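User: I'd like to learn how to read a few features of a structure. Can you take me through them step by step?

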There are 2 protein chains.
Amino acid sequence: MATMTDVARRAGVSVSTVSYVLTGTRPISEATRDRVLAAMAELDYQPNAMARGLASRRSNIVGLLLPLTGRALGATETAFVTGATEAAREAGYHLMLCPVGTDDSEELQTLATQRLLDGFLVMEVQLTDRRVDLLRKLASPFVLIGRTDDPSGLACVDIDFEQTVGDAVAHLVELGHQTIAYINHSDASLASGYGPAKRTAAAFEAALERHGVTGVMVPTEDTSTGGRVAIREARERCPQLTGVLVMNENAALGILAELREAGLDVPWDVSVVSMVTSEVVADLASPALTAMTSPGAALGAAATRVLLERLADGDTSTYQELLPCVLEIRGTSAKARKK
Amino acid sequence: MATMTDVARRAGVSVSTVSYVLTGTRPISEATRDRVLAAMAELDYQPNAMARGLASRRSNIVGLLLPLTGRALGATETAFVTGATEAAREAGYHLMLCPVGTDDSEELQTLATQRLLDGFLVMEVQLTDRRVDLLRKLASPFVLIGRTDDPSGLACVDIDFEQTVGDAVAHLVELGHQTIAYINHSDASLASGYGPAKRTAAAFEAALERHGVTGVMVPTEDTSTGGRVAIREARERCPQLTGVLVMNENAALGILAELREAGLDVPWDVSVVSMVTSEVVADLASPALTAMTSPGAALGAAATRVLLERLADGDTSTYQELLPCVLEIRGTSAKARKK
DNA sequence: AACTTTTGTCGAAACGCTTCGACGAAGCGT
DNA sequence: ACGCTTCGTCGAAGCGTTTCGACAAAAGTT
């Protein structure tokens, strides 16, 4: 394995010159640069990442804090991860997956003080999140995917839930639906202060009011069965319901099945709009789900860009970027039947 | 940030002694060890990962080579990634996601010669895979998830497709199904030599013969629509067909929808068994899919363990470990109707 | 009792890079 | 032609560890 010293010797220059060619920190004459570059090529030289990291105090690696709950990642999260990874690579950075529980401060502290990572992307942010306090204390640069209840002083990239719910409800109302159910995440998420659950709940209320239509919110488990149970409950509480908004991809499929078995036709009897849904899952359903497609990859890429920017210029001010899910009309929404 | 020198000074020993306490490379007296440990605790000392990596030539990071095709990862792949990550962490290692195309040798070479990673986990292995040759040439330790056509001299961990297909067909035959369709991956995958596609095709033939039943194989796209098209074709070619084996989760849902719309009842008219399927997706379907559940997380963990073992003892001999998918009977398979 | 080993510790030399200060050679305004 | 800045390069001092050789003291071997 060739080292910088080898390159320097071969090019007839000093080690520091080689380093300057590599990093561009100081001007180098064209002639010298060419000689150095040639030497590198001939020797198949690759800078040693560890040595470089030690000397420069930057690893060019960012960590992705991802609480692995044991259950699989949804398509949205996956897209996020891949988006972030790609964006990092394009900027010459690497992405390290860090399966650290939301309140495993021990582990996170170790990770952050090891100097292995230049900064962090924080996923699955809670409304009050201990990781945020810790990272702040340790002065590690980080960007949240999501928001705490008070995002001042933080850098966040998140889905614009208010807008998304608003657009979804608007879509249903435009189609003539006057009674709309919102199948949210579970009671437990709501209680634990999970941001998306709380924000969408509020946004749903607001949207109903704005359009002067009525509706119910039913929290439920993020599973197919959860969807079945929820739609049953919703129809009991609101028999005249013709529009359904559902937070969870998995629940959406359950809802479709349950409605079909109840002898109701989707979209003609009931329209269903699924939120924060990936294309893959939307297409799995029959008919394919009309959905608010989550900008998973875009979110990941945006978050990464923001983090890298901040690493470069040391900026630490408040920053917020909200990306809406975009309405993708497929087969589960249609004009409401005349009463 | 405290360094080892600080700890040494505080404990009244030399730096090397502190290092020995940390790494256990040489015997240290109980008394000294305690003093050092105490000093570390008082100073909140954390070894610097870069310095350690430079000096020891090991980063304690393994790379996961994952061709990101742009489309999202399936549940199986996701489980694999999380399984690997967890296993690595338990052994004091980190996992880095490396989105490197199957034939982006350039990128891989850079990655491997950078000395950032101690070894590689290789996903999405092709029957003839250039990455394998490259890693071998560079003498980078690696473990394949999957197999090349000639796995001699390699370390592989893979799904036992032969066994899995065998079990699935056996299940259908036991239920009395005499004509079985196998909906495989696409023609393109087959042509490009994608291992799972080819291996299952062969295993399917063998299983049919073994049980003396008839069947067809239909390759198709890994989408819901793909499943619809394929089942239509299968029924045309084999009208008496009552059992379906399907490789792809997404296609499985399409098949269910198509059969339903054709007025056929699953499982009573046709039984469907989905292969290499995750629980989440299986439960999404109505009825829930009878499936060969893929051991995603277990595979990831196994691969990681093998890799770390090899890193530790420098072993480089052939190794192969095959994990079967296990049959999970849910709602889409039942006794064949008497003719 | 005279040896060899093992144990516990130290000092110093790497590991392969970045970065700082220095310094001659140009380039420039006057 | 005189200082002044800018350019291009070098040497050397880190960065924070691990690891090697050395060595005294303790423990085993005959």
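Analyst: Start with a definition: domain bounds come from an automatic or database domain assignment. Keep in mind that this is a predicted model.

User: Into which domains is chain A divided?

Analyst: Chain A has domain 1 (4-47), domain 2 (61-159 + 296-325) and domain 3 (161-294). The centres of domain 1 of chain A and domain 3 of chain A, taken over C-alpha atoms, are separated by 61 Å.

User: Next, the two chains. What rotation superposes chain A on chain B?

Analyst: The general idea comes first. Two copies of a chain are related by a rotation about an axis and a shift along it. Here the rotation is 180°, the shift along the axis is 0.0 Å, and chain A lands on chain B with an RMSD of 0.2 Å. That is the relation of a two-fold axis.

User: Which residue of chain A comes closest to the rotation axis?

Analyst: M96(A) does, with its C-alpha at 2.3 Å. The interface fits in here too. Of the interface residues of chain A, 100% are also interface residues in chain B, so the copies meet through the same surface.

User: Now helix packing. At what angle do the axes of α1 and α3 of chain A cross?

Analyst: Two packed helices are described by the angle between their axes and the distance between the axes. In chain A, helix α1 (residues 4-11) and helix α3 (residues 30-43) cross at roughly 125°, and their axes come within 9 Å. The helices α1(A) and α3(A) are therefore oblique to each other. Their crossing is right-handed. From α1(A), the contact uses D6(A), V7(A), R10(A) and A11(A). From α3(A), it uses R35(A), V36(A), A39(A), M40(A), E42(A) and L43(A). By class, the contact of α1(A) with α3(A) has 6 nonpolar, no polar and 4 charged residues.

User: How are α2 and α3 of chain B oriented to each other?

Analyst: Read the angle again. Helix α2 (residues 15-23) of chain B packs on helix α3 (residues 30-43) of chain B at about 90°, with the axes 10 Å apart. An angle of 65 to 115 degrees counts as roughly perpendicular, so α2(B) and α3(B) are roughly perpendicular to each other. On the α2(B) side, T17(B), V18(B), V21(B) and L22(B) make the contact. On the α3(B) side, T32(B), R33(B), V36(B), L37(B) and M40(B) do. The classes are 6 nonpolar, 2 polar and 1 charged.

User: And how far apart are the axes of α11 and α12 of chain B?

Analyst: They are 6 Å apart. Helix α11 (residues 224-237) of chain B and α12(B) pack at about 55°. They are therefore oblique to each other, and α11(B) passes α12(B) in a right-handed crossing. Among the residues that meet are S224(B), G227(B) and I231(B) in α11(B), and N250(B), A251(B) and L253(B) in α12(B). This contact of α11(B) with α12(B) has 6 nonpolar, 4 polar and 5 charged residues.

User: Is the phi of D44(A) positive or negative?

Analyst: Positive: phi of D44(A) is near 60°, in a residue other than glycine. D44(A) belongs to the loop between α3 and α4 (49-56) of chain A.

Methods
Residues are numbered from 1 along each chain as its sequence is written. Chains are lettered from A and ligands numbered from 1 in the order in which they are written. This is a predicted model: local features need pLDDT of at least 70, side-chain atom pairs count only at pLDDT 80 or more; totals for chains, interfaces and linings use all residues. Side-chain values use heavy atoms; hydrogens and water are left out. Axes are lines fitted to C-alpha atoms, for helices over the stretch in contact, and angles run from 0 to 180 degrees between N-to-C directions. Helices (H or I, at least four residues) and strands (E, at least two) are DSSP runs, numbered from the N terminus. Angles under 35 degrees count as roughly parallel, over 145 as roughly antiparallel, 65 to 115 as roughly perpendicular and the rest as oblique. A crossing is left-handed if the near helix is turned anticlockwise from the far one by less than a right angle, and right-handed if clockwise. Contact means heavy atoms within 4.5 Å. Ala, Val, Leu, Ile, Met, Phe, Trp, Tyr, Cys and Pro count as nonpolar, Asp, Glu, Lys and Arg as charged, and the others, Gly among them, as polar. Copies are superposed by least squares on the C-alpha atoms of residues with pLDDT of at least 70 in both.
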